[in-house]
Amino acid sequence: MIRKTRLFTPGPTPLLPAAQFAMAAADIHHRTPEFRALFTKVLSQLKDFVGTSNDVILLSSSGSGAMEAAVSNLTSPGDRVLVVTAGKFGERWVGLAKAFGCHADVVSAPYGQTVSLDAVKAALKPDTTAVFVQATESSTGVRHDVKGIAELLKAEKSEAVLIVDAITGLGTTHLDMDAWGVDVLIGGSQKAVMMPPGLSYLAVSQRAWDRMETSKNPRYYFDLRKERKNAAKGESAYTPPVSLIAALGASLDYIAGQADGDLKAGRTKLVDNAETCAAMTRAAAEALGLKLFAPKGYEAAAATAILPPEGVDSGVIVKGLKSKFAAIVTDGQGEMKGSLFRIAHIGFFDYLDTIAIIGALEQVAVAAKLPVPGLEFGKGLIAAQKVFAERVK
């Protein structure tokens, strides 16, 4: 049989054809009225996609660039900050905080777990200036309680700004930046907006803008104030990736088109789609006798992390899916390599994609004779079909 390569990875994710066409046609100079109109439109759309009345800033970088910008713009050397970490990307916050001379109080949980609000409260100090957390820790498939952390900061009357890496959370998790009191929310282009890597964006509260005026860490290319000033004129501070911005506009148009032109409603549908695909996948994995890595109630919809049977390297499944079906899933990261595999649901995935990867997983599991009781064809697919029927009427 022919093999058609399919990405089931938490980034980069499958590309939206309309975004690819927009990139190919984006022969626009960035200091022209045509580009200013496009850029202004995209920035306005991003506010609806994020779900905020705050300004949204676009950067020419991967999501890690936006994470660095958040640290450099909002902290000063010697600041006490609090980092919530339970995976590779939480560890990235720790590294960035230390790189910019901050004293990082780290609240951690083992991979596959989430940090309790009691632990966050115990670590919060009167002089904590910032709190950094992931909405979704895609390295482990775990969702953190962003709303709970935001409410905790309010209850404690903390002056700390709350910065949330929602790079895999946006478009897969219902987030309410303004109502919860999140100060910075970060997204990336290679995730739910279904386009190539290279753009990141930050929604920034007025409180965060005010903090930037007193923070003393160095910044130049990632100076958010400079970008805000230029964005007001429909431009970026430096040469932007015009084709990627055109692609982003096409992707946001597509999301709006899923709800008769209403981008806010389209965002909700996108999240609901990810939640359904994730629920189908979790049910299928458990029906096949496999265990989930994330604790009940904290499973991310961005990606499902699945444990192989005891004594089996997860690479057997990752390599089997690629070699037999050209289906690309991801192994565990860092210390979890060989211990779990992750199937993504971010962006341009639907029911048929989910059924396909579950069927392929069954084929690989049976062919590899995974040591789980009662393993046979159809169990995962039946469980997934039932979930879909219950959730989508």
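Leaving aside its neighbours within four places in sequence, with which residues is Ser 189 in contact?

1. The model is predicted: local features need pLDDT of at least 70, side-chain atom pairs count only at pLDDT 80 or more, and totals for chains, interfaces and linings use all residues. Residues are numbered from 1 along each chain as its sequence is written, and side-chain values use heavy atoms, with hydrogens and water left out.

2. Apart from neighbours within four places in sequence, Ser 189 is in contact with Met 194, Met 195, Pro 196, Pro 197, Gly 198 and Leu 199 (contact means heavy atoms within 4.5 Å). A polar atom of the Ser 189 side chain lies 2.7 Å from the backbone oxygen of Pro 196 and a polar atom of that side chain lies 3.4 Å from the backbone nitrogen of Gly 198.

3. Ser 189 sits in the loop between strand E9 (184-188) and strand E10 (200-204); strands are DSSP runs of E, at least two residues, and helices runs of H or I, at least four, numbered from the N terminus. Ser 189 is buried, at 1% relative accessibility (buried means under 20% relative accessible area, with a 1.4 Å probe and protein chains only).

4. Ala 302, in the loop between strand E11 (291-292) and strand E12 (303-307), is buried at a relative accessible area of 0%. Beyond its neighbours within four places in sequence, Ala 302 is in contact with Thr 136, Thr 168, Thr 172, Ala 344, His 345 and Ile 346.

Note on methods. Buried < 20%, exposed > 50% of the residue type's maximum accessible area, 1.4 Å probe, protein only. Polar contact = N/O pair within 3.5 Å; in protein donor to acceptor, adjacent residues only side chain to side chain.
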